[in-house]
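Good morning, and thank you for coming. Please look at the sequence and the structure while I take you through them.

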Amino acid sequence: MKLHSDGEQRHATSTPMLHPPRAERVRPTTVPSVPFNRPFMVGTELDYIRQAHARLQLAGDGEFTGRCSRWLEQRIGCRKALLTHSCTAALEMAAILADIQLGDEVVMPSFTFVSSANAFVLRGAVPVFIDIRPDTLNLDENLLEAAITARTRAIVVVHYAGVPCEMETVMAIAARHGLLVIEDAAQALLSTYRGRPAGSIGHLAALSFHETKNVMSGEGGALLINDERFVQRAQHIREKGTNRTDFVAGRIDRYTWIDIGSSYLPGELIAAFLWGQLEAADSITDRRLAIWLHYHLSFAELERQGRVGRPLVPEGCLSNGHLYPLLLPAHVDRRDWIEQLALHGVGAVSHYVPLHSSPAGRRLGRAVGAMHHTERLAERLVRLPLWLGIEPELPRVVDAVCELLS
C-alpha cells in the first residue's frame, strides 16, 4: 500500500501538521488501555538472537550486523551503511566526518529532537535554527540561504513523521555554498522523495531503530554514507579510531589507533533482533500505512469543519506511516485535551519543545528570523497511538477523538 498525494491525500491539509515531540510529553494521571506505543515483534527475533549466541560472537560486527548493513545498502542505495547503537551515535559520527570545529555553524530546524543539535554542539558548533513549513513541519527550504554565513559548514534536514523534506532545493543550495547535507532520517526508513529513498540524497544520513520506530531493535541506529570520501574514515571512527576493520578484512596484520573515534557499534544481539524486523520491513510499513490512512479518512470531515488539522504528504513524496499527528484548534487546551482522551482509554502525546526556546538552545545556539510556525504548531500538535496490533482498537480511538473535537 502506498500513500501519495492523489485526491484525498493531496488536498488533505490546508492546516499545517506536526510530528510527535520527544521532549515535552504530557503524562495523564489515567493510564490508557490503548497506549501511545507498543513495541511489535514479527516472531523471528528471538530465534535470531539464539542463533547469534550459538555463533559464539555477541560483540559487534558479526553475521547479523553484516546482514542488516547489506540490506540497508541495497534498499536505500547508499555506498555504505554502518550500524550504530543509536541514531544519536550516527549523528555524532556525521559531525566528526563533517570535520566540525569550534565556532562552525550548522543550520537546522528548531522543531526536532535534541540529538540533531547535540551531535554538532559536542564538536564545538553553533546550531542555527530556522522555522519550519506549516504544511509538513519540515525545515523551510526558502529560509535556508538567509541563515548561511561564512562559518556555516553543514545543513541538517529532518524528515519529520517520515515525510521527506524538499531535498532538491536543499541540495542545490548546499552545492552553491559548498556545504554538506546531513539527513536526520530517524523517522523515515522506506519513505521516498521523488522516487529516491530518504537517507540516500544527502552526503550523510542517520537512521533510528528505537522502540518507537517502524522497524526497531529497542535501541539502535545506522549511519548511511552516500559520499565515497567518508567511507574509510567512518569505519575507523566507529571502531574507536582504530583501523580494526582493515585488520578483520585481512588487509593489515595488526590494528592500531589512527584517528579520533568511540565505541559506536551495537552488540550482535541487537543486530539479530533488528534483522528479524528488517526482513519484514515492507509488511510492517504497509500495515502502518493502513492505520495511518484509517485515521486520515476518519478525520477528513472534522478538518473540513475547521475542527482539526491533518498531516500532509506533498506530491512526489511517499510516507512510511511513522506517526499520525493532529493539529488542535488554537483555542483548545492541549494538556486538558490529552487528559480527556486518556479518560476515554486512549494514550496520546505532544512532541518536541522547539530547541531555540529550550534552556540549552538559548545558550548554545541562535535562531534566524521569526519562528512563527515552529512556536505556534508545536503548541498544538498531538500524536495519536500508531502501532501494529492497534487495528481492533482504531474505532475506539477515532470515536474518542471525534467526540472531543465535536
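**Strands, helices, cores and charges**

Strand β11 (residues 324-327) and strand β13 run antiparallel and are joined by four bridges. Two strands are said to pair if DSSP finds at least two bridges between them. Helices (H or I, at least four residues) and strands (E, at least two) are DSSP runs, numbered from the N terminus.

Before I continue, a word on the source. This is a predicted model, in which local features need pLDDT of at least 70 and side-chain atom pairs count only at pLDDT 80 or more, while totals for chains, interfaces and linings use all residues. Residues are numbered from 1 along each chain as its sequence is written, and side-chain values use heavy atoms, with hydrogens and water left out.

The term pLDDT is the predictor's confidence in each residue, from 0 to 100. For the protein chain the average pLDDT is 93, and 93% of the residues score at least 70. Over residues 1-26, however, pLDDT stays under 50. For that stretch the model has 117 contacts beyond four places in sequence, a contact meaning heavy atoms within 4.5 Å.

Let us return to the strands. Leu381 in β13 is the bridge partner of Leu327. Which way do the residues of strand β13 (residues 381-384) point? Leu381 and Arg383 point one way, Val382 and Leu384 point the other way, and all are buried. Buried means under 20% relative accessible area, exposed means over 50%, and partly exposed is in between, with a 1.4 Å probe and protein chains only.

I turn now to the nonpolar cores. A nonpolar core is a set of buried Ala, Val, Leu, Ile, Met, Phe, Trp, Tyr and Cys residues joined through side-chain atoms within 4.5 Å. In soluble globular proteins, nonpolar side chains tend to be buried together. The largest core here has 77 residues, and among these Leu72 and Tyr295 touch the most other members. Helix α15 (residues 394-405) gives the most to this core, namely six residues. Leaving aside residues up to four places away in sequence, Tyr295 touches Tyr324, Leu384, Pro385, Ile390, Leu394, Val397 and Val398. There is also a second, separate core of 35 residues, which includes Ala89, Ala95, Ala98 and Ala119.

Next, consider helix α1 (residues 45-54), whose buried residues are Glu45, Tyr48 and Ala52. Why do these buried residues line one face of the helix? Seen down the axis of α1, they fall within an arc of 60 degrees, so they line one face; the arc is that of the directions from the helix axis to the C-beta atoms. The exposed residues Arg50, His53 and Ala54 are carried on the face of α1 turned away from its buried side. Among the elements that cover the buried residues of α1 are α2 and α9 (268-279). After α1 comes Leu56, whose phi is positive, near 65 degrees.

My next topic is charge. Side chains of opposite charge can pair when their charged atoms come close. A salt bridge is a side-chain nitrogen of Lys or Arg within 4 Å of a carboxyl oxygen of Asp or Glu. How many salt bridges does this rule give? The count comes to 21.

One of them joins Arg67 to Glu63, with the closest N and O atoms 3.0 Å apart. Because Arg67 and Glu63 are four residues apart in helix α2 (residues 63-76), about one helical turn separates them. Glu63 is partly exposed, with a relative accessible area of 32%.

Another salt bridge links Arg153 and Asp104, whose closest N and O atoms are 3.6 Å apart. Arg153 lies in strand β4 and Asp104 in the loop between α3 (87-97) and β2 (105-109), so the pair ties together parts that are 49 residues apart in sequence. Arg153 is partly exposed at 36% relative accessible area, whereas Asp104 is buried at 7%.

I close with two buried residues. Val157 is found in strand β4 (residues 152-158), and its relative accessibility of 0% makes it count as buried. Not counting residues up to four places away in sequence, Val157 touches Cys165, Met167, Val170, Ile182, Glu183 and Asp184. Glu239 lies in the loop between α7 (231-238) and α8 (244-248) and is buried, with a relative accessible area of 2%.
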